[in-house]
Amino acid sequence: MKVGIIGAGTMGSGIAQAFAQCADVDTVYLCDIKEEFAENGFNKIKKQLDKRVAKGKMEQSAADQLTGKIKTGLNTICTDADLIVEAALENMQIKKDLFKELQENIVKNPNCIFASNTSSLSITEIGAGLEKPVIGMHFFNPAPVMKLVEVIKGENTPDEVVDQVKAISEKLGKTPVQVNEAAGFVVNRILVPMINEAICVKAAGVSDIEGIDNAMKLGCNHPMGPLELGDYIGLDIILAIMDVIFAETHDNKYAASPLLRKMVRGKKLGVKTGIGFYNYADGKKVPTDKQ
Ligand code: 3HC
């Protein structure tokens, strides 16, 4: 199977690695709007694999075989793809334009499946007006490790495409969960308002950053506290998901925390900008209320 990943950011490169790990996949096209962005995504994968090799968790030959499957470039290299997974910016028009271009001008394989890794946007709307159906194939960060794929059936996604994508997810070693069209799907509808609530708890001064994270790690056995997880996912993504769920439901329980909005405006987005609820300068992780 040949897979085209469109967008080589955190999710796109992680998804590319997840596919390259699969024996049924011989080629992964990792694409972005500039070749250097795609190269950066590839280097992220290489760095992650180098770490595993250094720890003795992976043979160098296995890492080489995996990276050997990945070809980087512009999306025009995806001509013979069997599956496209779009992981571009969370912007409806960008996604619609991308799928139109891929379906009309780039992908020549008539059986290609077109999937989006959108974290909350409507699959039905992304697919509206396109010649071929679109399906949601939602991975979780870090994509090579997390076991879930939400398979989102838009209003016009045929059942057979849903079944094909579930089968592909299983081949990746993941567990697919079928989800109907709904803002935030299942995980983000539950997880992101929880992170938003943790930000409200911080803003209300109920506890400090480490206190809130430790409470949820030790009290609920979560692997990461909600504020560190928000930093890890990206606070801009958290805000965008809250806004999508609010716009769809008009329910005030999905109103984004003003502190979250303020931090996003200030480019304090978490790990990717080096500062969010924690400061990541010099490879450290220091809560910003303890500096
Ligand atoms: N890429 C690839 N592999 C990674 C990785 C990455 N970015 N980060 C960690 N790993 C691997 C490590 O190599 C290691 O593998 P190994 O055991 O075979 O060596 C394994 O994951 C565990 O990593 P670590 O030992 O370094 O660290 P932890 O045990 O603390 O686990 C974690 C790290 C898996 C990130 C864990 O903290 C966790 O599960 N956190 C919660 C993540 C989560 O909730 N994700 C969902 C976010 S929501 C989302 O993505 C949806 C989107 O739409 C917003």
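Predicted model: local features only at pLDDT ≥ 70, side-chain atom pairs only at ≥ 80, totals over all residues.
Q: Which residues have the most contacts inside the largest nonpolar core?
A: The largest nonpolar core has 35 residues. Apart from it lies another core, of 24 residues, which includes Ala183, Ile238, Leu239 and Tyr278. Within the core of 35 residues, those with the most contacts are Ile5, Phe19, Leu83, Val85, Met137 and Phe139.

Q: Which residues does Phe139 touch, not counting residues up to four places away in sequence?
A: Phe139 belongs to the group with the most contacts inside the largest nonpolar core. Once residues up to four places away in sequence are set aside, Phe139 touches Met11, Ile15, Phe19, Val85, Asn117, Leu148, Val149, Leu172 and Lys174.

Q: Which residues come nearest to the ligand?
A: There are 18 residues around the ligand. By class, this shell divides into 11 nonpolar, five polar and two charged residues. Those that come nearest are Arg52, Lys57, His138, Asn141 and Asn188.

Q: How far is an oxygen atom of the ligand from an N or O atom in the side chain of Arg52?
A: Several polar atoms of the protein face the ligand. A polar side-chain atom of Asn188 lies 3.0 Å from an oxygen atom of the ligand, and a backbone N or O atom of Asn141 lies 2.8 Å from a ligand nitrogen. For the side chain of Arg52, the distance from an N or O atom to a ligand oxygen is 2.4 Å.

Q: What percentage of the area that the ligand exposes when taken alone does the protein bury?
A: Taken alone, the ligand exposes 1000 Å². Of that area, the protein buries 66%.

Q: Which helix supplies the largest share of the shell around the ligand?
A: Helix 2 (35-54), helix 7 (187-203) and helix 9 (226-233) each supply at least two residues of this shell. The largest share is three residues, and they come from helix 9.

Q: Why is helix 9 largely enclosed by the rest of the structure, and what covers its buried residues?
A: Helix 9 is largely enclosed because six of its eight residues are buried. These are Pro226, Leu227, Glu228, Leu229, Gly230 and Asp231. What covers them includes helix 7, helix 8 (209-220), helix 10 (235-249) and strand 9 (278-279).

Q: Which residues of helix 1 are buried?
A: Helix 1 spans residues 10-20 and is mostly covered, with nine of its 11 residues buried. The buried ones are Gly12, Ser13, Gly14, Ile15, Ala16, Gln17, Ala18, Phe19 and Ala20.

Q: Is Ser13 buried or exposed, and which backbone oxygen does its side chain reach?
A: Ser13 is found in helix 1. Its relative accessibility is 5%, under the 20% limit, so Ser13 counts as buried. Beyond its neighbours up to four places away in sequence, Ser13 touches Gly7, Ala8, Leu30, Gly41, Lys44 and Ile45. The side chain of Ser13 reaches, at 3.4 Å, the backbone oxygen of Thr10.

Q: How many residues apart in sequence are Cys112 and Lys57, and how far apart in space?
A: Cys112 lies in the loop between helix 4 (92-106) and strand 5 (113-116). With 7% relative accessibility, Cys112 counts as buried. Leaving aside neighbours within four places in sequence, Cys112 is in contact with Ala81, Asp82, Leu83, Ile84 and Val107. Cys112 and Lys57 are 55 residues apart in sequence, while their C-alpha atoms are separated in space by 35 Å.

Q: What kind of peptide bond joins Asn141 and Pro142?
A: Pro142 is found in the loop between strand 6 (134-138) and strand 7 (148-153). Most peptide bonds are trans. Between Asn141 and Pro142, however, omega is about 0°, and the bond is cis.

Q: Is Asn221 buried or exposed?
A: Asn221 is placed in the loop between helix 8 and helix 9. Its phi is near 60°, a positive value in a residue other than glycine. The relative accessible area of Asn221 is 70%, over the 50% limit, so this residue is exposed.

Q: What is the phi of Lys267?
A: Lys267 lies in the loop between helix 11 (258-265) and strand 9. At 56% relative accessibility, Lys267 counts as exposed. Its phi is positive, in a residue other than glycine, with a value near 60°.

Key
Residues numbered from 1 in each chain as written. Heavy atoms only, no water. Core = buried A, V, L, I, M, F, W, Y, C linked by side-chain atoms within 4.5 Å. Buried < 20%, exposed > 50% of the residue type's maximum accessible area, 1.4 Å probe, protein only. Contact = heavy atoms within 4.5 Å. Near = heavy atom within 4 Å. Polar contact = N/O pair within 3.5 Å; in protein donor to acceptor, adjacent residues only side chain to side chain. Areas by Shrake-Rupley, 256 points an atom, 1.4 Å probe, with all protein chains shown as cover. Helix = DSSP H or I, 4+ residues; strand = E, 2+ residues; numbered from the N terminus. Nonpolar A, V, L, I, M, F, W, Y, C, P; charged D, E, K, R; others polar.
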